Amino acid sequence: MAYSAPTNFLVAPELAEGYTATIGSTGVTADEHGRKIIPGGTPVSGDNFLLDGTVVLQPAKSSDTNIVGVLSSDVDVTAGNLDATVYVAGTINLSALSSDLQALYTDAVTKQLPHVIFVKR
């Protein structure tokens with residue numbers, strides 16, 4: 001996946017709450033160009049993220065039980081871990097995300113993000 005134009009998936013971005021986090025490259029598959037790009041809107045997981053600023057977050061799987069937020073924009077982790085903003089509160093328009101990302105937001109995932117409202121508008 002190449003970098004894409006920023007996706008405006010936030011409804012009322014001024015009301016969203018985000019924190020800087022380190023995004024990990026472990027387990028991220030390279031695209032056809034050899035780049036490891038995690039798209040904005042991807043749910044991320046990691047233990048004690050809000051209490052420990054050294055935690056490295058990873059793209060979440062639907063089976064994860066420690067999902068903590070939503071990646072704000074595309075992150076290229078080809079060269080290793082990278083800092084990015086992770087939203088922990090706000091309203092996200094799932095319709096603005098790719099169908100692959102929408103599929104990640106199962107009930108089990110959205111229930112772990114109690115301060116995020118999900119809409120399809």
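Leu-51 sits in the loop that runs between strand 4 (43-45) and strand 5 (56-59), and in this predicted model the residue counts as exposed because its relative accessibility is 79%, where exposed means over 50%. On the surface, Leu-51 belongs to a nonpolar patch that also takes in Tyr-19 and Leu-50, and together these residues have about 370 Å² of accessible area.

Although Ser-63 and Val-109 are 46 residues apart along the chain, their C-alpha atoms are separated by 8.1 Å.

The next feature is a pairing of charged residues. Side chains of opposite charge can pair when their charged atoms come close. The count of salt bridges in this model comes to one, and it is formed by Arg-35 and Asp-76, whose closest N and O atoms are 2.4 Å apart. This pair links distant parts of the chain, since Arg-35 lies in the loop between strand 2 (17-23) and strand 3 while Asp-76 lies in strand 7 (residues 75-76), 41 residues apart. The two partners fall into separate classes of accessibility: Arg-35 counts as partly exposed because its relative accessibility is 38%, whereas Asp-76, with a relative accessible area of 11%, is buried.

Finally, there is the question of empty space. Rolling a probe the size of a water molecule over the atoms shows where such space is left. The largest pocket has a volume of about 360 Å³, and its lining is made up of 22 residues, of which Gly-27, Val-28, Thr-29, Ile-38 and Pro-59 lie nearest its centre. Strand 3 (37-38), strand 5 and helix 1 (99-104) are the elements that give two or more residues to this lining. Helix 1 supplies the largest share, namely three residues.

Notes: Residues are numbered from 1 along each chain as its sequence is written. This is a predicted model: local features need pLDDT of at least 70, side-chain atom pairs count only at pLDDT 80 or more; totals for chains, interfaces and linings use all residues. Side-chain values use heavy atoms; hydrogens and water are left out. Patches are made of residues with over 30% relative accessible area and no salt bridge: like charges are joined within 9 Å, nonpolar side chains (Val, Leu, Ile, Met, Phe, Trp, Tyr) within 5 Å. Accessible areas come from the Shrake-Rupley method with a 1.4 Å probe; for residues, only the protein chains shown count as cover. A salt bridge is a side-chain nitrogen of Lys or Arg within 4 Å of a carboxyl oxygen of Asp or Glu. Helices (H or I, at least four residues) and strands (E, at least two) are DSSP runs, numbered from the N terminus. Buried means under 20% relative accessible area, exposed over 50%, partly exposed in between (1.4 Å probe, protein chains only). On a 1 Å grid over the protein atoms alone, a cavity is a set of points where a 1.4 Å probe fits but cannot get out, and a pocket is an open set with protein on both sides within 12 Å along at least five of seven lines; lining residues have an atom within 4 Å of a point. Grid points are joined across faces, edges and corners, and a volume is the space filled by probe spheres set on the points.
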